Amino acid sequence: MSSGTSAQGPRLRPTLDGIPTYKPGKPAGADAYKLSSNENPYEPLPGVLETAVKAAGSFNRYPDMGVTELTSVLAERFGVPAEHIATGTGSVGIAQSLVLVTAGPGDEVIFAWRSFEAYPIVATVAGATPVPVPLKANGDHDLDAMLAAITPNTRLVFVCNPNNPTGNVIHRAELERFLDAVPADVLVVVDEAYIEFIRDPEVPNGIDLYRDRPNVCVLRTFSKAYGLAGLRVGFAIAHEPVAAALRKVATPFGVSRLAQDAAVASLRAEEALLERVEALVEERTRVVAGLRAQGWEIPDSQANFVWLWLGDRSQEFAAACAEAGVIVRPFPEGVRVSIGEAEGNSIFLAVAEAFRKSL
């Protein structure tokens, strides 16, 4: 080594020291039910596995970088121009791109907290300043506080509807009032990863809100209801300047041929999808009713999970669940439990009942 050369290695960005590590749901062993990640417990939809296997035969070739077929099918499905669609590696990959195209050092990204844990990570990675705004006591977004947090440096606002991990939703009148009050040069991203599970008629479809609002972008994913979590494919619907910017910064060939073909096949198997989603909603109803009968005060979840406000006893509850054979997801404020197989849900309810009596 020549004199004067540092022995410390390459210089890395100091910003990385402040980035929290994304914590995925803990995996389950062969004898446990995994309720720690918001996955669809069902196998792939009819025809999807066969389509993916066929696509695997050509994975020596690069995929279609433009994701042309999926983009065309999505445009037709949602009645939007193809130019308004951008795809990516799950909605979280697109969320990171959204920050990259709007914010950098000195800029601010606002989101509710607690909400999707990737929001502060993707903001910090871009060099922007994350601005978490506490949820209301009942778990709702505090939209008035989020409006008050907007400054001349604000570039992006994430709104998670339904909210992950609490399951709370924002109703149409409240969300429209918020969107109309946000400055036109601030992008609002309505993250609808769980929209297929909503049964509250007062919750708006974000695509209806985006149509006449150039500063609104809608995020969707195939990871939850569609059961393609392992293939990593999601999409954004936004007006052309935003969508074009997303395509510009997207990782080249990020969405694989398997993911593209499986997503198209999943969209064409919508009847079977709706049946499975309805079964999960029925299970959610059973779980919520069971918890409330035990005395738990929980949010009216419109997603594929439920939330228990357990605070500093969250880890203790998660350990009790693991001992009984179900893996759940503890956070500092509470525990999120995905709706999975009926047997696993029933074990969770039994643990919750016993734990409730110890409180």
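Reader: Where is the place of K224 in this fold?

Author: K224 is in the loop between strand 7 and strand 8 (234-237). Helices here are DSSP runs of H or I with at least four residues, strands are runs of E with at least two, and both are numbered from the N terminus. Before we go on: this is a predicted model, where local features need pLDDT of at least 70 and side-chain atom pairs count only at pLDDT 80 or more, while totals for chains, interfaces and linings use all residues. Residues are numbered from 1 along each chain as its sequence is written, and side-chain values use heavy atoms, with hydrogens and water left out.

Reader: What feature does UniProt place at K224?

Author: An unreviewed UniProt entry has "modified residue: N6-(pyridoxal phosphate)lysine" at K224. UniProt positions follow the numbering used here, feature names are shortened, and annotations may be inferred rather than shown by experiment.

Reader: And which residues is K224 in contact with, leaving aside its neighbours within four places in sequence?

Author: N38, N40, A193, Y194 and F197. Contact means heavy atoms within 4.5 Å, so each of those residues meets that cut-off with K224.

Reader: How do you know whether the radius of gyration agrees with a compact globule?

Author: The globule rule is 2.2 Å times the number of residues to the power 0.38, with the radius taken over C-alpha atoms. For 359 residues that comes out near 21 Å, and the protein has 21 Å, so the two agree. The C-alpha trace spans about 60 × 60 × 50 Å along its principal axes, and the protein has 12 helices and 12 strands.

Reader: Why does V67 count as buried?

Author: Buried means under 20% relative accessible area, exposed means over 50%, and partly exposed is in between (1.4 Å probe, protein chains only). V67 has 3% relative accessibility, so it counts as buried. V67 is found in the loop between helix 1 (48-56) and helix 2 (68-78), and it has a positive phi of about 45° although it is not a glycine.

Reader: Is R232 buried, exposed or something in between: which is it?

Author: R232 has a relative accessible area of 31%, so it is partly exposed. R232 too has a positive phi, about 60°, without being a glycine. Most residues other than glycine have a negative phi, and most peptide bonds are trans. On the peptide side, the bond from W113 to R114 is cis, with omega near 15°, and the one from N161 to P162 is cis with omega near 0°.

Reader: What puts the buried residues of helix 6 on a particular side of it?

Author: The buried residues of helix 6 (172-181) are L175, F178 and L179. They cover an arc of only 95° around the axis, so they are on the same side of helix 6. That arc is taken over the directions from the helix axis to the C-beta atoms. The face turned away carries the exposed A173, R177 and D180. Among the elements covering the buried residues are helix 5 (143-149) and strand 5 (154-160).

Reader: How do you know which side the buried residues of helix 11 are on?

Author: In helix 11 (314-324), S314, F317, A318 and C321 are buried. Their arc is only 100° around the axis, which puts them on the same side of helix 11. An α-helix has 3.6 residues a turn, so residues three or four places apart point the same way. Q315 and E323 are exposed on the face turned away. The buried residues of helix 11 pack against strand 9, strand 10 (326-327), strand 11, strand 12 and helix 12 (342-358).

Reader: In what sense do strand 3 and strand 4 pair, and over how many bridges?

Author: Strands pair if DSSP finds at least two bridges between them. Strand 3 (108-113) and strand 4 (129-134) are joined by six bridges, in the parallel sense. The chain gets from strand 3 to strand 4 through helix 4 (118-125), and this β-α-β crossover is right-handed. Right-handed means that, with the strands pointing away from the viewer, the path from the first strand over the helix to the second runs clockwise.

Reader: Why do strand 9 and strand 11 stand at the edges of their sheet?

Author: Three strands form an open sheet in the order 9-12-11, with antiparallel pairing. Strand 9 (305-308) and strand 11 (329-330) each have a single partner strand, so one side of each has no neighbour in the sheet. Strand 11 and strand 12 (335-338) are joined by two bridges, and P330 has V335 as its bridge partner in strand 12.
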